Amino acid sequence: MGNSNNKISDLPTQAIIRRMDECLLTSDRDALIGYLDMLDSKFQVSYTPEKNAKDFKESSGVQVILKIMRKMLNEELVFRSIMEILGQLRNDVSVSTAIIQYGGIDLLHRALVQYDKHDYLSAFIPEYLKTILAVGSKVAILEIRKESTYLRLCKKCQEVVERELMLETGAIDTKLPKPIDRINRIIMFMKNYMTRDDVQCAALDCIITFCKNADAKSGILETKLITTMCSTLINFPLNYEIVWRVCMAFSIMATFQDEIANDIANNEIHDLLAKNYYEFKDEPRIQQQILWMLKSFLLYFKTKKKIQRSETCMKLFNNLMDARSELMRKTAFSTQEKFKPYEVVVPLEIRLLLRETKGKVLIEHDVEIIEKPKELTSQERRREKILENKPLYGTLATRHFKKGETGLLDSNATRHEELMQVKKPPEWEKYLQYGENGRKKRKMNKVKPI
């Protein structure tokens with residue numbers, strides 16, 4: 001822009017950000033680029049990066065920058081100026097966590113797709129993403145561990161703690177967040193750091209603690225905890241620590257009620273775990289935990305049917321029982337190996353399922369679905385009612401007339417001639433007159449009875 005250093009230093013950071021927001025409202029692209037360059041130059045000249053980051057965050061700079069990114073994602077020059085500003089603030093913890101909190105990760109992923117062939121942005125955006133996630137994940141893990149301590153308290157215990165704090169501090173309002181609010185915060189961290197396994201492990205440890213809380217039975221269905229954990233398992237299907245923690249949490253949750261177990265089974269993770277079961281052959285603890293989780297699905301009717309319909313799960317169960325029989329046969333005559341404990345134990349519920357089904361997959365026959373009749377209008381209902389009334393015998397619509405039953409028609413006349421024949425009215429019909437005129441005519445005519 002050709003601005004001098006004196007002019008840049010005279011305009012504070014807050015004023016520059018406010019004018020950037022005004023330019024966004026009026027869609028003044030050239031002025032917006034000028035203020036972005038001005039803010040970039042101000043950060044380059046200044047020798048106090050901590051103060052720059054503090055002023056930028058206190059002036060709502062993160063929100064304004066993300067708003068510009070959403071509206072002008074296709075403007076290459078604008079987006080490059082924004083990335084140069086954020087690049088100077090990437091080592092600041094508060095700015096990095098604010099970008100993650102306000103949805104900056106999704107915007108950066110969209111920009112990476114948009115500028116995948118750009119020489120500068122295609123290399124800078126992944127590096128910037130890696131940096132802010134590394135900085136923000138440390139803060140996220142600390143916050144998760146703090147929440148884990150409070151999640152041990154149920155609502156009633158929390159009220160006791162609140163009363164004690166009120167007596168000690170003399171404060172009027174010392175209300176602590178509810179366990180549901182705290183677990184929602186954990187879910188937010190999991191979604192923001194979906195690619196960081198260290199954050200996911202810390203969050204899953206916190207969830208296992210929450211499962212032991214008395215409020216967990218009623219609070220799990222009020223949150224998106226199940227879907228978030230399933231997404232974590234799908235993103236890390238072979239991560240030992242994540243798979244063990246997810247199976248541990250789900251095996252506890254499924255025992256609460258059938259609705260929770262059904263929600264877990266609807267995500268089809270039992271097929272994924274059964275498919276990857278032998279990938280953990282070096283870790284019997286993980287294999288055992290997978291079996292405990294599958295066993296919890298067999299406690300209810302709906303989830304049991306889903307397991308029975310799964311070819312992957314039934315094949316795994318059959319293989320486990322065959323391996324168990326083979327192992328017992330080999331160790332039957334060995335005094336040393338006979339009483340050696342098994343590394344993996346097949347739960348009793350799985351063995352009962354195999355006895356009931358004989359190891360066969362449940363195949364449900366296709367049931368004919370009867371469609372609900374279409375609602376008719378008043379005019380269509382009247383038409384249907386008319387058609388339902390059957391015609392009287394002797395009319396053209398009778399089955400005997402259509403088939404030409406013998407005896408009803410003259411054999412010498414064809415059907416066409418019979419229909420076209422005009423019958424003469426009977427002789428007595430001319431005397432059927434009504435009213436006074438009819439009576440006068442009958443007197444005048446004096447018709448004799450036949």
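Is Leu327 buried, exposed or partly exposed? In this predicted model, Leu327 is partly exposed, because its relative accessible area of 37% falls between the limits of 20% and 50%.

## Overall fold

The protein chain has 25 helices and 0 strands. Of its 450 residues, 37% are buried. When contacts between residues at least 6 apart in sequence are considered, 74% of them join residues at least 24 apart.

The chain exposes about 29500 Å², and carbon and sulfur atoms supply 52% of that area.

## A nonpolar surface patch

Leu327 sits in helix 20, which covers residues 311-331. Together with Met328, Tyr342 and Val345, Leu327 makes a nonpolar surface patch of about 330 Å².

## Core and cysteines

The largest nonpolar core holds 112 residues, and those touching the most other members are Met20, Ile207, Phe250 and Met253. Beyond its neighbours within four places in sequence, Phe250 is in contact with Ile226, Met229, Cys230, Ile264, Ile269, Met293 and Ser296.

Cys230, one of these contacts of Phe250, is buried, with a relative accessible area of 2%. Cys247 is buried as well, at 1% relative accessibility. The structure holds 0 disulfides.

## Helix 19 and its cover

Helix 19 spans residues 301-309, and its buried residues include Thr303, Lys306, Ile307 and Gln308. The elements that cover the buried residues of this helix include helix 16 (258-266), helix 17 (269-275) and helix 18 (284-297). Helix 20 and helix 21 (348-357) are also among them.

Ser81 belongs to helix 6, residues 76-88. Its relative accessible area is 6%, so Ser81 counts as buried under the 20% limit. Apart from neighbours within four places in sequence, Ser81 is in contact with Leu36 and Asp37.

Lys155 is in helix 10, residues 155-169. At 46% relative accessibility, Lys155 is partly exposed. Lys155 and Ala214 are 59 residues apart in sequence, with their C-alpha atoms 8.3 Å apart in space.

## Salt bridges

Side chains of opposite charge can pair when their charged atoms come close. The structure holds 15 salt bridges. One of them joins Asp30 to Arg29, with the closest N and O atoms 3.7 Å apart. Asp30 is exposed, at a relative accessible area of 56%, whereas Arg29 is partly exposed at 31%.

In another salt bridge, Arg185 pairs with Glu143, and the closest N and O atoms are 3.1 Å apart. Arg185 lies in helix 11 (residues 179-192) and Glu143 in helix 9 (residues 121-150), so this pair ties together parts that are 42 residues apart in sequence. Both partners are partly exposed: Arg185 has 28% relative accessibility, and Glu143 has a relative accessible area of 22%.

## A salt-bridge network

Glu241 forms a salt bridge with Arg245, the closest N and O atoms being 2.8 Å apart. Both residues are in helix 15 (residues 240-253), where they are 4 residues apart, about one turn of the helix. Glu241 is partly exposed, with a relative accessible area of 33%, while Arg245 counts as buried at 13% relative accessibility. Through salt bridges that share partners, Glu241 and Arg245 are joined with Asp205, Glu283 and Arg285 into one network.

Key:
Residues are numbered from 1 along each chain as its sequence is written. This is a predicted model: local features need pLDDT of at least 70, side-chain atom pairs count only at pLDDT 80 or more; totals for chains, interfaces and linings use all residues. Side-chain values use heavy atoms; hydrogens and water are left out. A disulfide is a pair of cysteine sulfur atoms within 2.5 Å. Buried means under 20% relative accessible area, exposed over 50%, partly exposed in between (1.4 Å probe, protein chains only). Patches are made of residues with over 30% relative accessible area and no salt bridge: like charges are joined within 9 Å, nonpolar side chains (Val, Leu, Ile, Met, Phe, Trp, Tyr) within 5 Å. Accessible areas come from the Shrake-Rupley method with a 1.4 Å probe; for residues, only the protein chains shown count as cover. A salt bridge is a side-chain nitrogen of Lys or Arg within 4 Å of a carboxyl oxygen of Asp or Glu. Helices (H or I, at least four residues) and strands (E, at least two) are DSSP runs, numbered from the N terminus. Contact means heavy atoms within 4.5 Å. A nonpolar core is a set of buried Ala, Val, Leu, Ile, Met, Phe, Trp, Tyr and Cys residues joined through side-chain atoms within 4.5 Å.
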